[in-house]
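The sequence and structure come first, and the description follows.

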Amino acid sequence: MLTNGLAGAILGGFQLNTVLSFYSGTPFSISADGTSLNAPGSTQRADQIKSSVAILHGVGSNPYFDTSAFAAVTTARFGTAGFDTVRGPGFANADFGLFRNFKVRERFTLQGRVEVLNASNTPHLANPNGNVSSGGFGQITSTSPGSRTTDERYMRLGFKATF
C-alpha cells in the first residue's frame, strides 16, 4: 500500500466497489393459432412432441430453442404444451465504482467518484417468439425493455463535499 511520498499522494486512498448480478431468464409459454380450437377468448397451446426442449442460444434468425419440439394443433382441442415451460435468456451485469476522498482541511473533505453500470455493455435479450404458427417462431429479435442504467453502459461522475 502506498502511503508515503508523491506516489502515495497520487495513487493512494482509492476504493473500488463492484456489484456482479446474474439473472435467469423469464419463463414463457409456447402458443399456437387458435383457429382450430373454436373457443373464442381462449389461448391455444402448441403440442409438445418431444419430452425435452433443447436450448440452442441462437439470436436473430437462429432459433433460441429447438423449434422441432413443438407442433401446431390441427384438431378442435387444447395443445399439450404446458404454461411457462420454456425459460428465455438470462443475463449478467457488472457494475463498478471508484471512489477517493481528499481531505482539504480538518473538517472539510471532498469525494470524487466514477461509477460504471453494465460495464461490459452486454445486451439483455427479450424472450423469443413463442407462437408456433409464426414465421419467426423461436427467434429473438429484440432486447428486453428496461431502464437506461441497466440495459446499456452508463457512466456517471460525481463529487461530494462534507464539512
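Predicted model: local features only at pLDDT ≥ 70, side-chain atom pairs only at ≥ 80, totals over all residues.

## Nonpolar surface patch

A nonpolar patch on the surface is formed by F14, L16, F96, L98, V114, M155 and L157, which together have about 700 Å² of accessible area. Three strands, β1 (14–23), β6 (91–105) and β8 (154–162), each contribute at least two residues to the patch. One of the patch members, L16, is placed in strand β1. L16 has a relative accessible area of 58% and is exposed, because that value lies over the 50% limit.

## The four-stranded sheet

The strands that supply the patch can now be placed in their sheet. Four strands make up an open sheet in the order β1-β6-β7-β8, with antiparallel pairing. β1 and β8 are the edge strands; each has a single partner strand, so one side of each is left without a neighbour in the sheet. On average, neighbouring strands of this sheet are turned by 15° against each other, with direction ignored.

The pairing of β1 with β6 is antiparallel and extends over 10 bridges. Within this pairing, Q15 has F99 of β6 as its bridge partner, and V19 stands opposite D95 in β6. In a regular strand, side chains alternate between the two faces of the sheet.

On to the next pair: β6 is joined to strand β7 (residues 108–117) by 9 bridges, and the two run antiparallel. Here the bridge partner of K103 is T109 in β7. β6 and β7 form a hairpin, with 2 residues between them.

## Salt bridges

How many salt bridges does the model contain? The count comes to 4. Three of them are listed below.

| Salt bridge | Distance, N to O |
|---|---|
| D66 and K50 | 2.8 Å |
| E115 and R113 | 3.9 Å |
| R156 and E115 | 2.7 Å |

The salt bridge between the side chains of D66 and K50 has an N to O distance of 2.8 Å. This pair links distant parts of the chain: D66 and K50 are 16 residues apart, and each lies in the loop between β3 and β4. D66 is buried, because its relative accessible area of 17% is under the 20% limit. K50, at 36% relative accessibility, counts as partly exposed.

In the second bridge, the closest N and O atoms of E115 and R113 are 3.9 Å apart; the pair qualifies because the limit for a salt bridge is 4 Å. E115 is buried, with a relative accessible area of 18%, whereas R113 counts as partly exposed at 27%.

The side chain of E115 also meets that of R156 in a salt bridge, at 2.7 Å from N to O. This pair likewise links distant parts of the chain, with R156 in strand β8 and E115 in strand β7, 41 residues apart. R156 is partly exposed, with a relative accessible area of 38%. Through salt bridges that share partners, R113, E115 and R156 are joined into one network.

Most residues other than glycine have a negative phi. Which phi does N118 have? N118, although not a glycine, has a positive phi of about 50°. This residue is found in the loop between β7 and α2 (148–151). N118 is buried, with a relative accessible area of 0%.

N121 is also not a glycine, and its phi is positive at about 55°. N121 lies in the loop between β7 and α2. In contrast to the buried N118, N121 is partly exposed, with a relative accessible area of 37%.

## Contacts of G60

G60 is partly exposed, with a relative accessible area of 24%. Where sequence neighbours up to four places away are not counted, G60 touches Q139 and I140. G60 and G136 are 76 residues apart in sequence, while their C-alpha atoms are 9.3 Å apart in space.

Technical notes: Residues numbered from 1 in each chain as written. Heavy atoms only, no water. Patch = residues over 30% accessible without salt bridge, like charges linked within 9 Å, V, L, I, M, F, W, Y side chains within 5 Å. Areas by Shrake-Rupley, 256 points an atom, 1.4 Å probe, with all protein chains shown as cover. Buried < 20%, exposed > 50% of the residue type's maximum accessible area, 1.4 Å probe, protein only. Contact = heavy atoms within 4.5 Å. Pairing = 2+ DSSP bridges. Axes fitted to C-alpha atoms, helices over the stretch in contact; angles between N-to-C directions.
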